[in-house]
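Open the model in your viewer and keep the selection tool at hand. Each stop below says what to select and what is there.

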Amino acid sequence: MTSRPARPRPRASEAPPAPAGGVAIEVRELLKRFGADAPPALDSISTWIAPGTITGLVGPDGAGKTTLLRTLAGLLAPTSGTVRVLGQDPLTNAALREQIGYMPQKFGLYEDLSVQENLNLYADLRDVVGEARVESFKQMLAFTDLARFTERLAGKLSGGMKQKLGLACSLLGSPKVLLLDEPGVGVDPISRRELWRMVRELAHGGMTIVWSTAYLDEAELCDHVRLMNEGSLLAAGTPKDLMGAMQGRSLHLTKLTAPRRDVLQRALRAPEVMDGVIQGDQVRLVLREAAQRPDLGPIQAGPEATLVEVAPRLEDAFISLLGGGPGGDSPLAEVTRDVELHADQDPSAVIEARELTKRFGDFTATDAVSFRVAKGEVFGLLGPNGAGKSTTFKMECGLLKPTEGQALVMGIDLKKSPSAARQRLGYMAQKFSLYTQLTARENLEFFSGVYGLRGAEQRLKIDEMIEAFDLNPWLSQRTLDLPLGLKQRLALACAVMHEPEILFLDEPTSGVDPITRREFWTHINALAQKGVTIMVTTHFMDEAEYCDRIGLIYRGKLIALDTPDQLKHGTATPDCPDPTMEEAFIHLIQAFQARLDEVAS
Amino acid sequence: MKAVNLRRLRALCLKESFQILRDPSSILVAFVMPVVLLFVFGYALNLDSSSLRLGLLMEDQGPAAIQFEQTLKASSNFVVEVGHSKAALLERMAHGKLRGVVVVRSDFGARLAEGHGGAAIQVLTDGSEPNTASFVGSNLEGLWQTWQQQRGQNLALDNHPMIDVRSRAWFNPSTVSRNFLVPGAIAVVMTIIGALLTSLVVAREWERGTMEALLATPVTKAEMLLSKILPYYVLGLAAMALCLLVATLLMGVPFRGSLLALFLLTTLFLGCALGNGLFLSTVMKNQFNAASAALVSAFLPSMMLSGFVFEISSMPWPLRALTHVIPARYFAGSLQTLFQAGTLMPILVSDSLGLILLMGFWLGLTAKNTGRTLE
């Protein structure tokens, strides 16, 4: 992985043949540039979308999903190429707007207007009057279950309710085409599931729906998918077709006796293996095209270890299209020393929360949360937006003061001596936190200086980071101009330069492409092997399974804390004997909610 | 498709009005700030010269000198402080305790008796504050003349002046500077309401992502623009009415013009200010930048270049030329005319023409920059 060769830019050469029943949307050779010198945001996209289906536009940030949706909604003019929605050009044909419903990423709601006022506004704008208006309001309020909240201001709704109201507003006037831009972001899994049910119902009624998402597991639910990366269309087809092409290549390595991270690292060295991740107690591997199963000998997984074929995922197909994962050896580990704890430090509580509570006014963001993280453990904090996971996380790394309780790092109370603790921890913020006007090298120099590295030691460390993260070609570029994946790499480099014993990562992989995500986890795994204790938050359900243990935060409370496998097994029911991580979370949240309701009544 | 559909326009205006009414800051800017500013400009910013602190050193204690001292002490313009040494008085002036020092020389009585009236008193003023210094100078000069005349009459000498100048200020008979400042302040207040509030509204839609949803509906460009202008126009008229009431009823500033003329001129001026604010908002797409630009391009010129505080006729010619593109210049002038002089058509018509041209410029520019796409 040290020197990643420039990836070829694969793309679907031809759009698949259009269906016999005609198409609702057709795009030909669509090119879109913002500025003459800028790289294309959409690079000669040709595809179609069938009527009455849910089509997923899938890809990381910067793939071109939003640009494509905006072009379809007539909000952007193509640089070249043609766009047809229901046979018309959306840019010039104003009447077409009545046929298109569009929900932007921020839902497009007026927060200082009530639910009913938002509905009234969009009904008037879309000429929904008289009988039809009364009828569709009744229908929408029942459909979204918002009838009880018509007088509430939109700004005071929860994420899930905002999203439903946004959907209702874009559905007024019964559009034939519905464009949804990342509707699942920032919404709890239960609301997301409900949204799917609603959208599914609409598609049955004949509506054409385009749904963009960065989550490949979510895209598996669509009728069709269009995989996108860096402005190009990588593949088009049904999830079944795309995953079917991977049949036989996805395997689980089970019954491990050796540590999972070591097994994964060795497995990824096998030439047959294209990609691999940790999944609970097992290791999940994907083979190269037409490759044999690898020899288990050198992998040293244990005497009883076996390979079991499992159902492929859309992510496997995506990574295969991108040319395979980055491999399992982290050059960062080679320059990282093993962590030696002080003799009087309890290795089972390197990070500890004791009845941690944070109140903002009369709102309790974190409510008596307690946990301990052991040396070398990867500990994941999960939960919907606004549940309190970021607040908990920030108290543990000393960025917020707890109202009650204690946050300890290496046995040091962060309230009493925050700076002593800070020197020993590394932190990577959710939002990109480097100086965008400085070059990559200047950022490295600045952050190493802040952590007290000087002279020869500092120069050596900077060189090591450049080597480990393959930053050489980018050193003199302003950070602002770097691609997203590289910015994240540089941010991680800056966070680990002082060789912290503890690493806090707040959604380090949100929005980045699957290959860069793999690369990140290779580093995280390698650091954990060296004894670094890692606390991470994530929105990706599959990433939750890379962790040793997971804490699930909901409404400020830690409602579950266990290994991923135990959490899943614990929520198995006769109806759902083998739940996915997301199903397990939904189950846990619903059970918690039921207990709350019981107490309330 | 028609350019304006009344239902859509009504719905958009309603939405905008709700937003105005529910945002405490817009109510604050439209109704609280005008009252505060009018009082600040009307009372705190005072260009009248009264109660100037004056130091007096009496080197001569003759009867004439004593008489002069009495006259000085009796004047309403001065508060006199008698000192014992020139150095001590100058020291107090250096500390800003005194605005000027008058020295009645030891030969005061003798030179007066000789009758050639030379430099019998010495006046020292604080040159670091030229305005105050010249007030002190001219007021003392006037006082000296009057005193000499009275003295002449008292001595029954025939020294009546050949020309007796009796000045009377025509439009502001009592020369209360408030009567002249308040109409100018109203122009400043209306600039803030018109340009600052509207500089936020389009940018807010961009920042909150509602613009995207709005553009995806059948809304037309004309509807969008009108829905941003009309509610704020009504708000501006309401604020104008409030200003008029506060000025005339609470502050006692006379209003001599016609209300219709005031309404028409306010309409024209709001057209300029709203156009200016909307243009900035449309182009910047960011509330902070747009509001900063509105402060610099609308509020500051309305303070400095409208003739409200600094008289335009005494500016150097490049600045004088620049004032012609500042809407507040025409509006402040018209308001001062309407309040102090009445409905003087020639002045109002020429001011209206200026406002109409500027209104066309700003609204045209805004319309040109309002698009139906996100770019």
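This is a predicted model: local features need pLDDT of at least 70, side-chain atom pairs count only at pLDDT 80 or more; totals for chains, interfaces and linings use all residues.

Residues are numbered from 1 along each chain as its sequence is written, and chains are lettered from A and ligands numbered from 1 in the order in which they are written.

**Stop 1: domains.** Select residues 6–45 and 177–369 of chain B for domain 1, then 52–151 for domain 2. The bounds come from an automatic or database domain assignment. Between the C-alpha centres of the two domains of chain B there are 48 Å.

**Stop 2: a helix pair.** Select α7 (177–208) and α10 (259–284) of chain B, whose axes are 7 Å apart at an angle of about 30°. Helices are DSSP runs of H or I, at least four residues, numbered from the N terminus. Axes are lines fitted to C-alpha atoms over the stretch in contact, and angles run from 0 to 180 degrees between N-to-C directions. α7(B) and α10(B) are therefore roughly parallel (under 35 degrees).

Now show the residues in contact (C-beta atoms, placed from the backbone, within 7 Å). Among them are M190(B) and L197(B) of α7(B), and F269(B) and L274(B) of α10(B).

**Stop 3: the chain contact.** Select the contact between the chains: 22 residues from chain B and 25 from chain A. On the side of chain B, α1 (6–22) and α8 (210–215) each supply at least two residues.

Technical notes:
Two residues are in contact if their C-beta atoms, placed from the backbone, lie within 7 Å. Angles under 35 degrees count as roughly parallel, over 145 as roughly antiparallel, 65 to 115 as roughly perpendicular and the rest as oblique.
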